[in-house]
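Have a look at the model below, and then we'll pick it apart piece by piece.

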Amino acid sequence: MPLTIIANIYAHADRTDFVKSELIKLIDVTRTEEGCITYELHQDNADPAHFMFYEVWESRELWQMHTRAAPLAAYRSATQGALDRSVVNEMTAV
């Protein structure tokens, strides 16, 4: 059964544009990764510093490979200190 990931990312208000640009860099490369079914970035209309990735992966193992891949490591390094918090939920459709 596919794994759904909801990743909520909260940037510091003064770093919103920077964080957004770093998140956008992840989209095309991640969509080509093995097991990626859906990878969509959303920005909250009421709180522009809040971003949400809606992801669907063929399996948890393939999603975990994504979490260890170079593009995500580069994102983490680039945004260190620019984020207020991130919350990642692993979910399964009912």
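Start with helix H2 (residues 60-67), whose buried residues are Leu62, Trp63 and His66. "Buried" here is under 20% relative accessible area, with a 1.4 Å probe and protein chains only. Helices are DSSP runs of H or I with at least four residues, strands are E runs of at least two, and both are numbered from the N terminus. Looking down the axis of H2, the buried residues fall within an arc of 100°, so they line one face of the helix; the arc is taken from the directions from the helix axis to the C-beta atoms. Why might that happen? An α-helix has 3.6 residues a turn, so residues three or four places apart point the same way.

Now the sheet: it's open, with four strands in the order E2-E3-E1-E4 and antiparallel pairing. Two strands pair if DSSP finds at least two bridges between them. E2 and E4 are the edge strands, each pairing on one side only. Between E2 and E3 there are seven bridges, and His42 sits opposite Met52 in E3.

Finally, H1 (residues 16-31) and H3 (residues 70-78) pack at about 175°, their axes 10 Å apart. Axes are lines fitted to C-alpha atoms, for helices over the stretch in contact, and angles run from 0 to 180 degrees between N-to-C directions. H1 and H3 are therefore roughly antiparallel, the word for angles over 145 degrees.

This is a predicted model: local features need pLDDT of at least 70, and side-chain atom pairs count only at pLDDT 80 or more, while totals for chains, interfaces and linings use all residues. Residues are numbered from 1 along each chain as its sequence is written, and side-chain values use heavy atoms, leaving out hydrogens and water.

Key. Parallel < 35°, antiparallel > 145°, perpendicular 65-115°, else oblique. Buried < 20%, exposed > 50% of the residue type's maximum accessible area, 1.4 Å probe, protein only.
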